[in-house]
Amino acid sequence: MTAATVQRARPSGFRISKRALPYLLSLPALLVCIGILIPFLTSVVYSFQRYRLSQPWARQFNWGDNYISFFTDPKFWNTLQVSLLYAGITVVLELLLGLAIAMLLQKRSTLNNFISIMLLMPLMTAPALAALMWKLMTNPGFGVLSYLASLIGLQDFRWASSPSTALLTVVLVDIWVYTPFIMILLLAGLRSLPTQPFEAAALDGVPRSFVFFRITLPMLTPYILTATLFRLLDSIQQFDIIYAMTQGGPGDTLTVFQVEAYLNFFQSTNVGRSAALMIILWAITYFLSNIFIKNWLRLRERARGQA
């Protein structure tokens, strides 16, 4: 039997056309996109309606009244202020702390690798569980942190139960949970930087401060922007930590967008207002992400031009 006969005898099997292959490979992404767009467009429709679950018979389009009412509602402006303040404080502090830890662990060694792995443990904890753990530790009656605070003269420190210290408390929890995320991104960036500029600076006796501000930071900027973008988008949408610790209180001290939308939906059953709040939050995150992505692309083009 010749080779040609054997080849003809083999089953042809299932073959995919070269023209159809790109569409087939992009099908999972298309399905994910559809799965995202359906609830998003549904929320957009709800945001233009006067819709309460307790009054389904009164459901009707109000064509933007939900959005217009926010501009005259002091509660909305407080929500916007608290959300931006919380996101700004957490991102700045986590970025500074994460960069400092990454610089300390930059040198590859068994000890540094072990420490970096151990520092990732808070990131593996669910934010809601971490918040409940911190709520127990800050309990004025039996919390270990309240006891330590009393040793340095802070008697009856109220932590999350006081309007003056509630923001500080949830920021501490957020820093404990998410600083390892920024640390590991910046550590990966530091270890991937080329060694030639640092070796040349060491041979010339360049001061460490000059090396850090003129060599390390400019080369690390794309990684810093990436870490900042991820954390900023996550912080401005924070819900788990704040709701688990304070339910948005005391009062409206920590009523961020996610908490306010949750309360509008599940307590007031106001679906339209809740959806409008989430669309506004989406618009803010879209605007901020565009700024960071444009700066990241500009830095990449500059790096290519210098190369």
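Helices in these notes are DSSP runs of H or I with at least four residues, numbered from the N terminus. I also note that this is a predicted model.

**Entry 1: a residue in α12.** I began with I242, which lies in helix α12. Is I242 buried or exposed? I242 is buried: its relative accessible area is 0%, and buried means under 20%. I then listed what I242 touches, leaving out residues up to four places away in sequence: Y86, Q247, G248, L254, V256 and V259. I also checked I242 against A166, which is 76 residues away along the chain, and found 9.4 Å between their C-alpha atoms.

**Entry 2: the neighbour I241.** Next I looked up I241. Which residues is I241 in contact with, once neighbours within four places in sequence are set aside? I wrote down P127, A131, V170, V173, D174, V177 and Y178.

**Entry 3: the cores.** I turned to the largest nonpolar core and found 22 residues in it. V170, I241, M245 and L254 have the most contacts inside this core. Which elements give two or more residues to it? My list reads α5 (74–104), α7 (127–137), α9 (166–192), α12 (240–246) and α13 (257–266). The largest share comes from α9, with eight residues. Apart from this core lies another, of 21 residues, and F70, I236, A261 and L288 are among them.

**Entry 4: the largest pocket.** How much space lies in the largest pocket? I noted about 460 Å³. This pocket is lined by 16 residues, and M103, Q106, F198, V211 and T216 are the closest to its centre. I sorted the lining by class and got 10 nonpolar, three polar and three charged residues. At least two lining residues each come from α9, α10 (196–204) and α11 (208–235). Which of the helices gives the most to the lining? That is α11, with four residues.

**Entry 5: what the record lists.** Residues 21–48 are 93% helix and 0% strand, with 41 Å between the end C-alpha atoms. Residues 117–137 are 67% helix and 0% strand, with the end C-alpha atoms 24 Å apart.

**Entry 6: backbone details.** I went through the loops next. Which peptide bond is cis here? I noted the one from G249 to P250, with omega near 0 degrees. P250 is found in the loop between α12 and α13.

Then I looked at phi. W63 has a phi near 50 degrees, a positive value in a residue other than glycine. W63 sits in the loop between β2 (60–61) and α4 (65–71). W63 counts as exposed because its relative accessible area is 64%, and the cut-off is over 50%.

T269 has a positive phi too, near 55 degrees, and T269 is not a glycine. I found T269 in the loop between α13 and α14 (271–306). Is T269 buried or exposed? T269 counts as buried, because 19% relative accessibility is under the 20% limit.

Entry 7: I looked up W296 in helix α14. W296 is partly exposed, with a relative accessible area of 31%. Not counting residues up to four places away in sequence, W296 touches P222, L225 and T226. I also compared W296 with Y223: they are 73 residues apart in sequence, and their C-alpha atoms are 9.1 Å apart in space.

My last stop was A29, which lies in helix α3 (residues 27–47). A29 counts as exposed, at 52% relative accessibility. How far apart are the C-alpha atoms of A29 and E301? I wrote down 28 Å, for two residues that are 272 residues apart along the chain.

How values were computed
Residues are numbered from 1 along each chain as its sequence is written. This is a predicted model: local features need pLDDT of at least 70, side-chain atom pairs count only at pLDDT 80 or more; totals for chains, interfaces and linings use all residues. Side-chain values use heavy atoms; hydrogens and water are left out. A nonpolar core is a set of buried Ala, Val, Leu, Ile, Met, Phe, Trp, Tyr and Cys residues joined through side-chain atoms within 4.5 Å. Buried means under 20% relative accessible area, exposed over 50%, partly exposed in between (1.4 Å probe, protein chains only). Contact means heavy atoms within 4.5 Å. On a 1 Å grid over the protein atoms alone, a cavity is a set of points where a 1.4 Å probe fits but cannot get out, and a pocket is an open set with protein on both sides within 12 Å along at least five of seven lines; lining residues have an atom within 4 Å of a point. Grid points are joined across faces, edges and corners, and a volume is the space filled by probe spheres set on the points. Ala, Val, Leu, Ile, Met, Phe, Trp, Tyr, Cys and Pro count as nonpolar, Asp, Glu, Lys and Arg as charged, and the others, Gly among them, as polar.
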